Each structure stands twice: as C-alpha cells, then as structure tokens.
Amino acid sequence: MSQEWGGWFVAIDDGQVIGAGAGGLTADHVGEIFVLYMDPVRRGEGVGTELLEAITAQQKEFGAMEQWVSVAKGNEKGIPFYEAKGFICIDERKSYATTEEEAYTSLRYKRSI
Ligand SMILES: CC(C)(COP(=O)(O)OP(=O)(O)OC[C@H]1O[C@@H](n2cnc3c(N)ncnc32)[C@H](O)[C@@H]1OP(=O)(O)O)[C@@H](O)C(=O)NCCC(=O)NCCS
C-alpha cells in the first residue's frame, strides 16, 4: 500500500455506503486527510469519528506524527468536527477553482497524532 495514498475507508450500513474517507502521507511523518464525507442524513452518529480513527491508525503505522486537513473557510459542518478532534487552525490560503469568481479560502488545520 502506498503511503502517499492510503486507499479508501468506506462505512457501510445495511449494504449502503453512508460515508467515506481517505488520507496519506505528504512527507515523512506528515499525514493528510484528503477527503472525509458522510451521507448528510447520517451525520452526528459518530461514524465520521470512526472513519477518522481508522485513517489515523493507518497513518501512525506509516510513521506519521502529525496530521493535516484543509477545510473551506466558513464550512460549519467540517470545522467544529475537526476542532472537537483537537485540530488547530495554523494557516489560511486562497484556493482557485476554474474561474476567479470561484476562488475561496481554505484553512489548514493540524494536530499531533
Ligand atoms: C465532518 C463530518 C465528516 C463529521 O462526521 P460525523 O459522523 O457527522 O461526526 P461525528 O458524529 O463523529 O461527530 C464527532 C464530533 O464532532 C463534533 N461535531 C461534528 N459536527 C459538528 C457540528 N456541525 N457542530 C458542532 N460539533 C460538531 C461533535 O462535537 C461530535 O462530538 P461528540 O462525539 O462529542 O458528539 C461530517 O459531518 C460531514 O460529512 N460533513 C460535511 C463534509 C465536510 O465538511 N467534510 C470536511 C471537509 S474534508
């Protein structure tokens, strides 16, 4: 298994995918959550926590000692979750989509693992 892309972690309930996440290492000892998303009607049940824990366990096996995630500024679904997990906002950067009007600010969050 590549350390740069650790593969998908998928939460399944009754044959249905209800959430998924993935991460990898961006440098020695540095983990990154690339994506973590729950079905909107299945949020707040603790499954996002389980997915994050599974990705984190894998990254620790890969030797990660810190973990980063990007969250869009103003994302009130993602930010409270990561702050509850001990992530701290370190940096703010402008991201560009296909057009200038779609530019948005993303926040870089980090925690020790
Ligand atoms: C972020 C996300 C993955 C969290 O998954 P989840 O299954 O809903 O989260 P959990 O039920 O495991 O919540 C864990 C903790 O986060 C906190 N939390 C989560 N969402 C919150 C919210 N909107 N407001 C306040 N606290 C929140 C709670 O304190 C909860 O702690 P508790 O276990 O003590 O109750 C999910 O809500 C989601 O898909 N959001 C939209 C997509 C997104 O923004 N992803 C992040 C960008 S990659």
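View 1. Helices (H or I, at least four residues) and strands (E, at least two) are DSSP runs, numbered from the N terminus. This is a predicted model, where local features need pLDDT of at least 70 and side-chain atom pairs count only at pLDDT 80 or more, while totals for chains, interfaces and linings use all residues. Residues are numbered from 1 along each chain as its sequence is written.

**View 2. The whole protein.** The C-alpha atoms fill a box of roughly 40 × 35 × 25 Å, taken along the principal axes. The radius of gyration, taken over C-alpha atoms, is compared with a globule rule of 2.2 Å times the number of residues to the power 0.38. With 113 residues, a compact globule would come out near 13 Å, and the protein has 14 Å, which agrees. Of the 113 residues, 22% are buried, meaning that 20 or more other C-beta atoms, placed from the backbone, lie within 10 Å of the residue's own.

**View 3. The open sheet.** Here six strands line up in the order β1-β2-β3-β4-β6-β5, with mixed pairing. Two strands count as a pair if DSSP finds at least two bridges between them. Strands β1 and β5 stand at the edges with a single partner strand each, so one side of each has no neighbour in the sheet. Neighbouring strands are turned by 25° against each other on average, direction ignored. Such angles are taken between axes, which are lines fitted to C-alpha atoms (for helices over the stretch in contact), and run from 0 to 180 degrees between N-to-C directions.

**View 4. Two hairpins in a row.** Strand β1 (residues 8-13) pairs with strand β2 (residues 16-27) in the antiparallel sense over six bridges. In this pair, isoleucine 12 stands opposite valine 17 in β2. Two residues lie between β1 and β2 in their hairpin, and aspartate 14 in the turn has a positive phi of about 55°. Next, β2 and β3 run antiparallel, joined by eight bridges. Alanine 27 has valine 30 in β3 as its bridge partner. The hairpin of β2 and β3 also has two residues between the strands, and histidine 29 takes a positive phi near 70° there.

View 5. Which way do β3 and β4 run, parallel or antiparallel? They run parallel, joined by four bridges. The bridge partner of isoleucine 33 is valine 69 in β4. Helix α1 packs on the sheet, touching β1, β2, β3 and β4, and its direction makes about 30° with that of β2. Touching means contact: C-beta atoms, placed from the backbone, lie within 7 Å.

**View 6. Strand β6 and its two partners.** Strand β4 (residues 66-72) is joined to strand β6 (residues 104-112) by seven antiparallel bridges, and tryptophan 68 stands opposite lysine 110 in β6. Strand β5 (residues 88-95) also runs antiparallel to β6, with seven bridges. There, arginine 93 stands opposite serine 106 in β6.

**View 7. The shell around the ligand.** How many residues surround the ligand? There are 18, and the closest are Arg43, Gly48, Thr49, Gly78 and Pro80.

Terms used: Near = placed C-beta within 6 Å. Contact = placed C-beta atoms within 7 Å. Buried ≥ 20, exposed ≤ 12 C-beta atoms within 10 Å, placed from the backbone.
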